[in-house]
Amino acid sequence: MQKNKIITAIENSFVKQVQKDSTIKNAYLLVDSEKLGIQLNLAEGSTGHIPANPQQPNYMASVGKLFTAAIIGILSEDEKLSFDDKITKFLDDELLSNLHIYKGKDYTNEIRIKNLLQQTSGLPDNFWPLLDELIKNQGLDISPREAVFWAKNNLEPDFPPGDGFNYTDTNYHLLGLIIESITNEPFHAALRKFIFEPLDMKHSYMLQYSEPLEKSQYPTADFFVNETRMNDLQGFGGLDYSGGGVVAPTSDLLKFMKALVTHQIVTKETLDEMMSNPQKFGPGIEYGYGIWQITTVPFLMPKKFNSWGVVGATGAFMFYHPKTDAYIIGNFNDESYQRKAVRYMLSNVINPLTKYKG
């Protein structure tokens, strides 16, 4: 397939996807491949009465977990922590008390930073039950620390540390608190210091916690959960926090992903460690330190789809496809797309890219 046909196919499929689905109010897609000579930055739909624009900041949900993992990687290279360190080294006794009681035994002292990163701590997920509470009571305001206490007091762990996989924001809340403990500054300040400023991500910020280095001329795109517009619900910022509070335009996210791939954020050795010994997340999907890895499964996931990145619950995604040297970043801004977004990316972006004939 020729380059122009690939570009047309991606553009047409994107517009069709948005226009045929009334749940999508706005959507964004960036595709960048120097190898293929393809650069696309698309937007469709609207925010209120304002047409969607490719430069609009987007709430990226759990895509933010990769930013948190990257900061942990930076701190490990600075010898401020080790992936193997126990979390008890960095968190206070009140937070740690009875944090992980499983079948009557306290496993808190066995949780390591790598368990949090790789979702193998066994701790329960506080995000979805608290989100339900927030939607019912939109005046609910909860801090990240309070969200961890809520999980500790209302939910049960699933297994001892290292004995399974359970995707949970509680793990990433704790990573954010560890970052704060080490840096002696709020997580959003660490995010700016280690990521946004060095990479010149001028229009990026943390939802309800910080402002961008340079205010965008476009409003942050509307995003929805169960048809509830979430942008201004104050409690949502504390609930998401270091589990996914990054807001950024796709062009800023491209800066981050390119820097990560080319080892400008962490070294190749650190990135390799973050991707080593991944946990099985689902068919054809493995999970490293905040990194989703699309892997070959015979008859189900051909090798041409192999890629890595991260996904967010509102249909946000940020991936690198090594075969075509392509960066694929997008968002459908609706919770109904948390699974459909990956399928869309594979079928409607990566698949045509792999058909390039030069």
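User: How much space lies in the second largest pocket?

Analyst: In this predicted model, the second largest pocket holds about 170 Å³ of space, a volume being the space filled by probe spheres set on grid points joined across faces, edges and corners. Local features need pLDDT of at least 70 and side-chain atom pairs 80 or more, while totals for chains, interfaces and linings use all residues. Residues are numbered from 1 along each chain, and side-chain values use heavy atoms, without hydrogens and water.

User: What makes a residue part of the lining of the second largest pocket?

Analyst: On a 1 Å grid over the protein atoms alone, a pocket is an open set of points where a 1.4 Å probe fits, with protein on both sides within 12 Å along at least five of seven lines; lining residues have an atom within 4 Å of a point. The second largest pocket has 13 such residues, with Tyr205, Glu211, Pro212, Lys215 and Thr220 nearest its centre.

User: How much space lies in the largest pocket, and which residues are closest to its centre?

Analyst: The largest pocket has about 640 Å³ of space. Its lining comprises 29 residues, and Phe281, Trp292, Val311, Gln338 and Arg339 are the closest to the centre.

User: Why is α12 called mostly covered?

Analyst: Buried means under 20% relative accessible area (1.4 Å probe, protein chains only). In α12, 10 of the 14 residues are buried, so the helix is mostly covered. Among them are Ala341, Tyr344 and Leu353.

Technical notes
Buried means under 20% relative accessible area, exposed over 50%, partly exposed in between (1.4 Å probe, protein chains only). Helices (H or I, at least four residues) and strands (E, at least two) are DSSP runs, numbered from the N terminus.
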